[in-house]
Each structure stands twice: as C-alpha cells, then as structure tokens.
Amino acid sequence: MPVKVTDKDNTDKLLRTLKEIETKVIEVGIFSKAGGDIVLIANVHEFGSNKNNIPERSFLRAGFDKYQKDIADLCDKMISRAVMQEISVDTALNTIGAFAVSKIQEFLTDMKRPPLKPITIERKGSSALLIDTGRLRSSITFRIK
C-alpha cells in the first residue's frame with residue numbers, strides 16, 4: 001500500500017507574517033484626538049514649563065523607562081506567538097499596546113515626585129500628582145501604524 005506524503009511548507013506564510021510585523025509600529029501616548037487642551041496639559045507636565053514655573057513630571061518617558069523590560073518581555077512573547085501562527089499579528093500588537101498603556105497609567109497614578117506646592121494641594125484638595133479628574137490618565141492610549 002503506497003504512503004501519501006504531504007509537504008506542508010509554511011515558509012510563505014511565515015515570511016508574510018514577518019513582513020507584517022516589520023511594517024507595523026505601536027505608538028503610546030496622548031494623541032490629538034484626545035483634544036488640544038489635554039495634549040497641552042500632557043506636554044507641559046511631561047516636559048515642565050519655565051514660563052509657568054511648572055516642574056517636569058514625566059509620566060510617559062519615565063513610565064516607559066521603568067517598565068521597559070516588562071514591555072520588552074511581553075513583546076518577545078507576543079511576537080513569537082504570532083510568528084508561530086498561534087495568534088494574529090493584530091492580536092499581538094494590540095496586547096502589547098494595551099499592556100504598555102496600563103503600565104504608564106500605573107506609573108502616573110503612583111507618582112510622588114516632585115511634590116505639589118502647598119497652594120496647589122489646597123486648591124485641588126489632594127496631593128495626588130497629575131490627577132484631578134482622571135482625564136489625563138484616561139487619555140493615554142495607543143495606536144498601531
């Protein structure tokens with residue numbers, strides 16, 4: 001009885017997946033669709049303002065720096081799963097983007113330095129940095145390009 005052998009060469013599919021991954025970028029931040037006022041507020045706090053005597057309270061750059069290894073580890077895991085065809089490239093990228101957003105939001109929530117001035121604490125009724133209404137925190141998002 002003859003034996004039938006089927007060659008399942010997935011090289012083309014693997015190359016398409018790698019090309020798709022190679023052409024995509026995940027951006028995390030506060031984008032213009034959030035509204036000009038919140039983008040301005042984010043920019044002033046991220047970099048500080050000498051004009052308005054507001055110190056730098058980097059939440060995006062410093063948050064990414066703090067969690068860079070965690071994000072990189074998840075990237076390795078998700079991209080490997082996409083290459084192995086366990087999940088789609090979109091699922092991998094969306095998982096990474098959502099994770100990065102959650103870590104930066106966590107960093108922003110936990111920030112303690114530099115502390116607010118007493119007059120600012122009195123005005124807002126709280127010593128929490130960068131959180132009055134939660135709008136800045138909730139405006140942090142990601143996009144895939």
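Helices (H or I, at least four residues) and strands (E, at least two) are DSSP runs here, numbered from the N terminus. Before you click, note that this is a predicted model, where local features need pLDDT of at least 70 and side-chain atom pairs count only at pLDDT 80 or more, while totals for chains, interfaces and linings use all residues. Residues are numbered from 1 along each chain as its sequence is written, and side-chain values use heavy atoms, with hydrogens and water left out.

**Whole chain.** Now zoom out: the C-alpha trace spans about 90 × 25 × 20 Å along its principal axes. Buried residues make up 28% of the 145, where buried means under 20% relative accessible area, exposed over 50% and partly exposed in between, with a 1.4 Å probe and protein chains only.

**Helix 4.** Select residues 89–110. This helix has 22 residues and reaches 32 Å from its first C-alpha to its last, close to the 32 Å expected at 1.5 Å a residue; the expected span is 1.5 Å times one less than the number of residues. Show side chains for its buried residues, among them Val89, Leu93, Ile96, Ala100, Ile104 and Phe107. An α-helix has 3.6 residues a turn, so residues three or four places apart point the same way. What do the buried residues of helix 4 pack against? Bring up helix 1 (11–22), strand 1 (26–29), helix 3 (60–83), helix 6 (135–138) and strand 2 (141–144).

**Helix 3.** Pick Lys69, which lies in this helix. Lys69 is exposed, with a relative accessible area of 59%. Draw a distance from its C-alpha to that of Phe59, 10 residues apart along the chain, and you get 17 Å.

**Loops.** Go to Asn53, between helix 2 (36–47) and helix 3: phi is positive, about 55°, although Asn53 is not a glycine. Asn53 is exposed at 54% relative accessible area. Next is Gln85, in the loop between helix 3 and helix 4. Gln85 has a positive phi too, near 65°, and is partly exposed at 36%. Last stop: Pro114, in the loop between helix 4 and helix 5 (118–124). A cis peptide bond joins Arg113 to Pro114, with omega about -15°.

Methods. Contact = heavy atoms within 4.5 Å.
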